[in-house]
Amino acid sequence: MSTHEFHSAVVAPQGIWWAPTGRQEKTWIAIAFAWCLVLFAMMPFWHFKGGQNPSGIRYRVTPEAYEARVERFVNEYKIGEESGIPIVEPPPGADVYLVGRQWQWYPALKLKKGVQYTLHLSASDVNHGFSLYPVNLNFQVLPGYDYGLRVVPNRAGDFRIICNEFCGIGHHLMVGKVLVVE
Ligand SMILES: [Cu+2]
């Protein structure tokens with residue numbers, strides 16, 4: 001029996017695959033490699049020049065402590081309620097506390113256009129994703145971290161917060177509300 005009857009990894013297949021790389025192929029490998037370097041360099045470049053980094057301040061916080069902050073915030077500025085979720089209207093410049101948990105965004109917010117707030121985001125249980133609809137604004141919401149973003153609502157309207165990080169069986173029901181008034 002000759003060795004060619006066996007198709008194991010140690011037997012070289014027939015063909016010319018071991019022939020030296022052709023000129024054209026070498027050129028394309030060089031172009032592809034150069035382009036990889038360009039794309040790689042874009043990451044740090046965009047970090048500094050892209051103007052898209054969040055104005056975040058981040059602290060460690062236990063989920064229990066954060067829930068307490070949210071509750072304090074709700075009690076202080078609550079103006080109403082909608083299907084069991086309090087509607088909260090904080091004064092201009094205030095620290096706004098929003099929590100993501102299975103499966104709701106709590107509370108609903110009423111904000112003023114053109115006014116700066118510090119929007120704090122955290123989760124009580126698992127990782128959630130803050131996605132403001134229809135604006136393309138996305139942030140990770142993590143348990144154990146209080147993520148404070150300095151925000152100025154620049155458009156009046158009725159916005160929804162959609163969870164964009166799969167967080168369990170009720171994930172698709174996790175819709176919150178932000179009202180921005182003139
Ligand atoms: Cu989710």
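Colleague: Which members of the largest nonpolar core touch the most other members, and what makes a set of residues a nonpolar core?
Modeller: This is a predicted model, in which local features need pLDDT of at least 70 and side-chain atom pairs count only at pLDDT 80 or more, while totals for chains, interfaces and linings use all residues. Residues are numbered from 1 along each chain as its sequence is written. The largest core has 25 residues, of which Val 96, Tyr 97, Leu 98, Val 99, Leu 109 and Leu 121 touch the most other members. The set is called a nonpolar core because it consists of buried Ala, Val, Leu, Ile, Met, Phe, Trp, Tyr and Cys residues joined through C-beta atoms within 7 Å. Buried means that 20 or more other C-beta atoms lie within 10 Å of the residue's own; a residue with 12 or fewer is exposed, one in between is partly exposed, and C-beta atoms are placed from the backbone.

Colleague: Which elements give two or more residues to this core?
Modeller: They are α2 (63–77), β4 (95–101), β6 (108–112), β7 (117–123) and β11 (157–163). Such helices (H or I, at least four residues) and strands (E, at least two) are DSSP runs, numbered from the N terminus.

Colleague: What is Leu 109 in contact with, beyond its neighbours within four places in sequence?
Modeller: Leu 109 is in contact with Val 88, Val 96, Leu 98, Val 178 and Leu 179. A contact requires C-beta atoms, placed from the backbone, within 7 Å.

Colleague: How do you know that β6 and β12 pair?
Modeller: Two strands count as paired if DSSP finds at least two bridges between them. β6 and β12 (residues 175–181) have four, in the parallel sense, and Lys 112 is bridged to Val 181 of β12. β12 is also joined to β11, by six bridges in an antiparallel run; there Phe 159 has Val 178 as its bridge partner.

Colleague: What joins β8 to β9?
Modeller: A hairpin does, through three residues. β8 (residues 128–133) and β9 (residues 137–141) run antiparallel with five bridges, and Gly 129 has Gln 140 as its partner in β9.

Colleague: How many helices and strands does the chain have, and why is it called more spread out than a compact globule?
Modeller: The chain has two helices and twelve strands. Its radius of gyration is 26 Å, well over the 16 Å that the globule rule gives for 182 residues, so the chain is more spread out than a compact globule. The radius is taken over C-alpha atoms, and the rule is 2.2 Å times the number of residues to the power 0.38. The C-alpha atoms fill a box of roughly 85 × 40 × 30 Å along the principal axes.

Colleague: How is the chain divided into domains?
Modeller: Domain 1 covers 17–53 and domain 2 covers 56–181, with bounds from an automatic or database domain assignment. Their centres, taken over C-alpha atoms, are separated by 40 Å.

Methods:
Two residues are in contact if their C-beta atoms, placed from the backbone, lie within 7 Å.
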